[in-house]
Amino acid sequence: MTQPSDTNQRTQTPATPLVFVHIPKAAGTSLKDLIARVYRGKPSLFFTPGDGRLERFATLPLASRAACAVVAGHEPFGLQRVFDGTGLTPAVITVVREPVARVVSLYRYIFREKAHPRHADFVARRPTVRDVLAARDFPPFDNHQVRFLAGAESHEKPFGEIGEDDLETAKRNLAEGVRVFGLQERMDESLRLFTSVLGWPVVTLPRLNTTGSGDDAPPVTDADRAAIAEANRFDAALHGFAESLFEGRLGALGDVQDEPC
């Protein structure tokens, strides 16, 4: 586990334990950096799928797990169960993103990031977005946000098998199981919610891991974007639901803050 540090001055006690369900290409790298600064000096687990750290953490004694302030990584809703038996109720957080923008960002990222499992294949074959969708073998292009927020069973479904039941589960988990969430396209307002609900200090969000145009990725056309939208209609419905919920929570926050002391 890591021990992050920086010079931020905190006037509140941040909520613990914190569980960050990091949906890929939804401002997560920047948010993890911010979380590391907010929880500086506290035991934290920032894991990568397949590195074994989450699995080892799950086998630790209850007291060791209870002492961990943060668990964060690319793992679907249900990650909070690593604290089962500790008597603690984790504060689950996440960020969602408009699905076409998320898939385009992921597509370009794969061309840029040599460590991505698909990088060599993409660089060699140079598939278009529509080629990737037509192959139907890459679930991150298929309603990936519903997959993450509906939980492990939905996350593991083959390409094209996400349905209305998965969407409704994802909506329910977002509304009832996530303490607070953000919208990638509205991160300044999202930080207001994180700060208020989680007791974070007033902080700024760094911009890390931004994809840009990718390393010579094929251009993404209007037809590609239309194909993404068609393939990710459940993610679009989830994002619309999230926007409505976000507006309500942000409005309620404003009402509270505007009350006289």
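Is helix H4 mostly covered or mostly uncovered, and how many of its 14 residues are buried? Look at the first view to find out. A quick note before you start: this is a predicted model, where local features need pLDDT of at least 70 and side-chain atom pairs count only at pLDDT 80 or more, while totals for chains, interfaces and linings use all residues. Residues are numbered from 1 along each chain as its sequence is written, and side-chain values use heavy atoms, with hydrogens and water left out.

**View 1. Helix H4, residues 99–112.** H4 is mostly covered, with 11 of its 14 residues buried. Buried means under 20% relative accessible area, exposed means over 50%, and partly exposed is in between (1.4 Å probe, protein chains only). Among the buried ones are Pro99, Arg102, Tyr107 and Phe111. From first C-alpha to last, H4 reaches 20 Å, close to the 20 Å expected at 1.5 Å a residue; that expected span is 1.5 Å times one less than the number of residues. Helices (H or I, at least four residues) and strands (E, at least two) are DSSP runs, numbered from the N terminus.

**View 2. The largest nonpolar core, with 59 residues.** A nonpolar core is a set of buried Ala, Val, Leu, Ile, Met, Phe, Trp, Tyr and Cys residues joined through side-chain atoms within 4.5 Å. Leu18, Phe194 and Trp200 are among the residues with the most contacts inside this one. Helix H12 (residues 233–258) gives the most to this core: seven residues. Apart from it you'll find another core, of 18 residues, including Tyr109 and Phe138. In soluble globular proteins, nonpolar side chains tend to be buried together.

**View 3. A salt bridge between Asp224 and Arg130.** A salt bridge is a side-chain nitrogen of Lys or Arg within 4 Å of a carboxyl oxygen of Asp or Glu. Here the N to O distance is 2.9 Å. The partners sit 94 residues apart in the chain, with Asp224 in helix H11 and Arg130 in helix H6. Asp224 is buried, at 1% relative accessible area, whereas Arg130 is partly exposed, at 42%.

**View 4. Arg186, Glu189 and Glu247 in a salt-bridge network.** Arg186 pairs with Glu189, their closest N and O atoms being 2.7 Å apart. Arg186 also pairs with Glu247, at 2.6 Å.
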